Amino acid sequence: MNGRKQILVQDDISGVAAGTNIQWRAHTNATNIALDGTTATLTLNGKALQASILNAPSGVVFSTMTADPMPQDPPIPTGNEYAVNPSNEGVTVLVIETEGGSDLSLQVLLNPQWDGMASSDFVSPPSVAVSDWSVTSHNAS
(Lines give C-alpha, C1' and ligand atoms only; values in the text may rest on other atoms or scores of the structure.)
Protein backbone atom coordinates (compact mmCIF):
# COMPACT_ATOMS: atom_id res chain seq x y z
CA MET A 1 0.00 0.00 0.00
CA ASN A 2 1.01 3.65 -0.24
CA GLY A 3 3.00 3.06 -3.41
CA ARG A 4 4.60 -0.05 -1.92
CA LYS A 5 6.15 1.99 0.89
CA GLN A 6 4.18 0.21 3.64
CA ILE A 7 2.74 -3.21 4.42
CA LEU A 8 -0.46 -3.93 6.31
CA VAL A 9 -0.85 -7.36 7.92
CA GLN A 10 -4.40 -7.94 9.14
CA ASP A 11 -6.14 -10.86 10.78
CA ASP A 12 -9.91 -10.67 11.36
CA ILE A 13 -10.87 -13.06 14.15
CA SER A 14 -14.36 -14.09 15.22
CA GLY A 15 -16.05 -16.97 17.03
CA VAL A 16 -13.37 -17.33 19.72
CA ALA A 17 -14.78 -18.03 23.18
CA ALA A 18 -14.38 -15.39 25.87
CA GLY A 19 -11.21 -15.82 27.90
CA THR A 20 -9.43 -17.80 25.16
CA ASN A 21 -5.89 -16.55 24.61
CA ILE A 22 -5.20 -15.27 21.10
CA GLN A 23 -1.57 -14.89 20.10
CA TRP A 24 -0.32 -13.21 16.93
CA ARG A 25 3.34 -13.95 16.16
CA ALA A 26 5.93 -12.87 13.62
CA HIS A 27 9.40 -14.45 13.53
CA THR A 28 12.31 -12.13 12.80
CA ASN A 29 16.08 -12.23 12.47
CA ALA A 30 16.30 -8.61 13.67
CA THR A 31 19.33 -8.19 15.92
CA ASN A 32 17.65 -5.48 17.98
CA ILE A 33 13.99 -5.01 18.85
CA ALA A 34 12.94 -1.87 20.73
CA LEU A 35 9.44 -2.10 22.22
CA ASP A 36 7.30 0.92 23.06
CA GLY A 37 3.74 -0.25 23.74
CA THR A 38 1.96 -0.60 20.41
CA THR A 39 5.16 0.14 18.45
CA ALA A 40 8.19 -2.07 17.86
CA THR A 41 11.30 -1.04 15.95
CA LEU A 42 13.23 -3.95 14.45
CA THR A 43 16.83 -3.42 13.33
CA LEU A 44 19.02 -5.66 11.17
CA ASN A 45 22.28 -4.71 9.43
CA GLY A 46 21.73 -1.02 10.19
CA LYS A 47 18.27 -0.97 8.59
CA ALA A 48 15.08 -0.47 10.60
CA LEU A 49 11.44 -1.46 10.29
CA GLN A 50 8.77 0.05 12.48
CA ALA A 51 5.75 -2.13 13.33
CA SER A 52 2.63 -0.52 14.81
CA ILE A 53 -0.55 -2.11 16.13
CA LEU A 54 -3.42 -0.07 14.69
CA ASN A 55 -6.63 0.44 16.69
CA ALA A 56 -5.21 -1.72 19.49
CA PRO A 57 -7.69 -2.92 22.09
CA SER A 58 -7.01 -1.56 25.57
CA GLY A 59 -3.89 -3.07 27.11
CA VAL A 60 -2.72 -4.78 23.92
CA VAL A 61 1.00 -4.18 23.30
CA PHE A 62 3.96 -5.83 21.59
CA SER A 63 6.21 -8.24 23.46
CA THR A 64 8.89 -10.70 22.41
CA MET A 65 9.64 -14.34 23.09
CA THR A 66 12.16 -16.95 22.04
CA ALA A 67 11.51 -18.99 18.91
CA ASP A 68 11.16 -22.28 20.78
CA PRO A 69 8.35 -24.80 20.33
CA MET A 70 5.33 -24.14 22.53
CA PRO A 71 4.25 -26.82 25.03
CA GLN A 72 1.00 -27.38 23.10
CA ASP A 73 2.78 -27.82 19.73
CA PRO A 74 2.54 -31.32 18.24
CA PRO A 75 5.60 -33.52 18.70
CA ILE A 76 8.26 -33.55 16.02
CA PRO A 77 7.75 -36.52 13.65
CA THR A 78 10.15 -39.39 14.05
CA GLY A 79 11.73 -41.76 11.56
CA ASN A 80 12.11 -39.37 8.65
CA GLU A 81 14.14 -36.39 7.45
CA TYR A 82 11.99 -34.05 9.57
CA ALA A 83 12.81 -35.82 12.86
CA VAL A 84 15.14 -33.02 13.98
CA ASN A 85 13.89 -29.58 14.93
CA PRO A 86 16.22 -27.08 13.23
CA SER A 87 17.87 -24.43 15.37
CA ASN A 88 16.12 -21.10 15.72
CA GLU A 89 19.27 -19.39 16.96
CA GLY A 90 19.16 -15.68 16.17
CA VAL A 91 15.39 -15.71 15.72
CA THR A 92 13.08 -13.68 17.96
CA VAL A 93 9.29 -13.76 17.94
CA LEU A 94 7.37 -10.48 17.95
CA VAL A 95 4.12 -11.16 19.82
CA ILE A 96 0.68 -9.63 20.35
CA GLU A 97 -1.57 -11.28 22.95
CA THR A 98 -5.24 -10.64 23.58
CA GLU A 99 -8.38 -12.58 24.47
CA GLY A 100 -11.33 -13.83 22.49
CA GLY A 101 -14.93 -13.10 23.26
CA SER A 102 -15.74 -10.54 20.59
CA ASP A 103 -14.90 -9.99 16.95
CA LEU A 104 -11.39 -8.64 16.61
CA SER A 105 -9.31 -7.16 13.80
CA LEU A 106 -5.58 -7.29 14.52
CA GLN A 107 -3.87 -4.82 12.21
CA VAL A 108 -0.09 -4.43 12.14
CA LEU A 109 1.32 -1.69 9.93
CA LEU A 110 4.94 -2.20 8.81
CA ASN A 111 6.89 0.89 7.86
CA PRO A 112 10.39 0.26 6.49
CA GLN A 113 12.62 3.15 7.50
CA TRP A 114 14.14 3.77 4.07
CA ASP A 115 16.87 6.36 3.58
CA GLY A 116 15.41 9.69 2.51
CA MET A 117 11.91 9.00 3.90
CA ALA A 118 10.25 11.08 6.58
CA SER A 119 7.40 10.15 8.90
CA SER A 120 5.15 12.32 6.71
CA ASP A 121 5.72 9.83 3.85
CA PHE A 122 3.65 7.22 5.69
CA VAL A 123 -0.13 7.05 5.81
CA SER A 124 -2.57 5.47 8.26
CA PRO A 125 -4.77 3.12 6.25
CA PRO A 126 -8.53 2.97 6.63
CA SER A 127 -9.90 0.05 8.62
CA VAL A 128 -11.32 -2.39 6.07
CA ALA A 129 -12.49 -5.93 6.82
CA VAL A 130 -10.26 -8.49 5.09
CA SER A 131 -13.33 -9.80 3.23
CA ASP A 132 -13.70 -6.32 1.67
CA TRP A 133 -10.06 -5.84 0.63
CA SER A 134 -9.43 -4.97 -2.99
CA VAL A 135 -6.64 -3.51 -5.08
CA THR A 136 -7.85 -0.01 -4.18
CA SER A 137 -9.44 -0.48 -0.73
CA HIS A 138 -6.51 1.12 1.11
CA ASN A 139 -5.74 3.97 -1.27
CA ALA A 140 -5.51 7.42 0.28
CA SER A 141 -8.75 9.31 -0.12
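Visitor: Hi! What does the accessible surface of the protein come to, and what share of it belongs to carbon and sulfur atoms?
Guide: Hello! This is a predicted model, and its accessible surface comes to about 9,100 Å². Carbon and sulfur atoms account for 50% of that area.

Visitor: Thanks. And what does the C-alpha trace span along its principal axes?
Guide: The C-alpha trace spans about 55 × 40 × 30 Å.

Visitor: How many helices and strands are there in the protein?
Guide: There are 8 strands and 0 helices. Reading along the sequence gives the pattern β-β-β-β-β-β-β-β.

Visitor: What share of the contacts joins residues 24 or more positions apart?
Guide: Taking contacts with a separation of 6 or more, 71% are between residues 24 or more positions apart.

Visitor: Let's go inside. What percentage of the residues is buried?
Guide: Buried residues make up 28% of the 141 in the protein.

Visitor: Which residues touch the most other members of the largest nonpolar core?
Guide: That core has 17 residues, and those touching the most other members are Leu42, Ala51, Phe62, Leu94, Ile96 and Val108.

Visitor: Which elements give two or more residues to this core?
Guide: Those are β2 (21-28), β4 (39-44), β5 (47-54), β7 (92-99) and β8 (104-112). The most come from β8, which gives 4 residues.

Visitor: I'm looking at Val60 now. Where does Val60 lie, and is Val60 buried or exposed?
Guide: Val60 lies in the loop between β5 and β6. Its relative accessibility is 4%, so Val60 counts as buried, the limit being under 20%.

Visitor: What is Val60 in contact with, leaving aside neighbours within four places in sequence?
Guide: Val60 is in contact with Thr38, Ile53, Ile96, Glu97 and Thr98. Ile96 is also one of the core residues that touch the most other members.

Visitor: Which side chains meet in a salt bridge?
Guide: The structure holds 1 salt bridge, and its partners are Asp115 and Lys47, at 3.4 Å from N to O. Side chains of opposite charge can pair when their charged atoms come close.

Visitor: Where in the chain are Asp115 and Lys47?
Guide: Asp115 is in the segment after β8 and Lys47 is in strand β5, so the pair links distant parts of the chain, 68 residues apart.

Visitor: How accessible are Asp115 and Lys47?
Guide: Asp115 is exposed, at 68% relative accessible area. Lys47 has 48% relative accessibility and counts as partly exposed.

Visitor: Now backbone angles. What is phi of Asn45, and what about Asn55?
Guide: Phi of Asn45 is near 55 degrees, a positive value in a residue other than glycine. Asn55 is not a glycine either, and its phi is positive too, at about 50 degrees. For background, most residues other than glycine have a negative phi.

Visitor: Where are Asn45 and Asn55?
Guide: Asn45 is in the loop between β4 and β5, and Asn55 is in the loop between β5 and β6. Asn45 is exposed at 71% relative accessibility, and Asn55 is exposed at 59%.

Visitor: What is Gly90 in contact with, beyond neighbours within four places in sequence?
Guide: Gly90 is in contact with Thr28 and Asn29. The C-alpha atoms of Gly90 and Thr66 are separated by 9.2 Å, and the two are 24 residues apart along the chain.

Visitor: And how far apart in space are Glu81 and Thr39?
Guide: Glu81 and Thr39 are 39 Å apart, C-alpha to C-alpha, and 42 residues apart in sequence.

Visitor: Last one: where does Ser102 lie, and is Ser102 buried or exposed?
Guide: Ser102 lies in the loop between β7 and β8. Ser102 is exposed, with a relative accessible area of 53%.

Definitions and conventions
Residues are numbered from 1 along each chain as its sequence is written. This is a predicted model: local features need pLDDT of at least 70, side-chain atom pairs count only at pLDDT 80 or more; totals for chains, interfaces and linings use all residues. Side-chain values use heavy atoms; hydrogens and water are left out. A nonpolar core is a set of buried Ala, Val, Leu, Ile, Met, Phe, Trp, Tyr and Cys residues joined through side-chain atoms within 4.5 Å. Buried means under 20% relative accessible area, exposed over 50%, partly exposed in between (1.4 Å probe, protein chains only). Contact means heavy atoms within 4.5 Å. Accessible areas come from the Shrake-Rupley method with a 1.4 Å probe; for residues, only the protein chains shown count as cover. A salt bridge is a side-chain nitrogen of Lys or Arg within 4 Å of a carboxyl oxygen of Asp or Glu.
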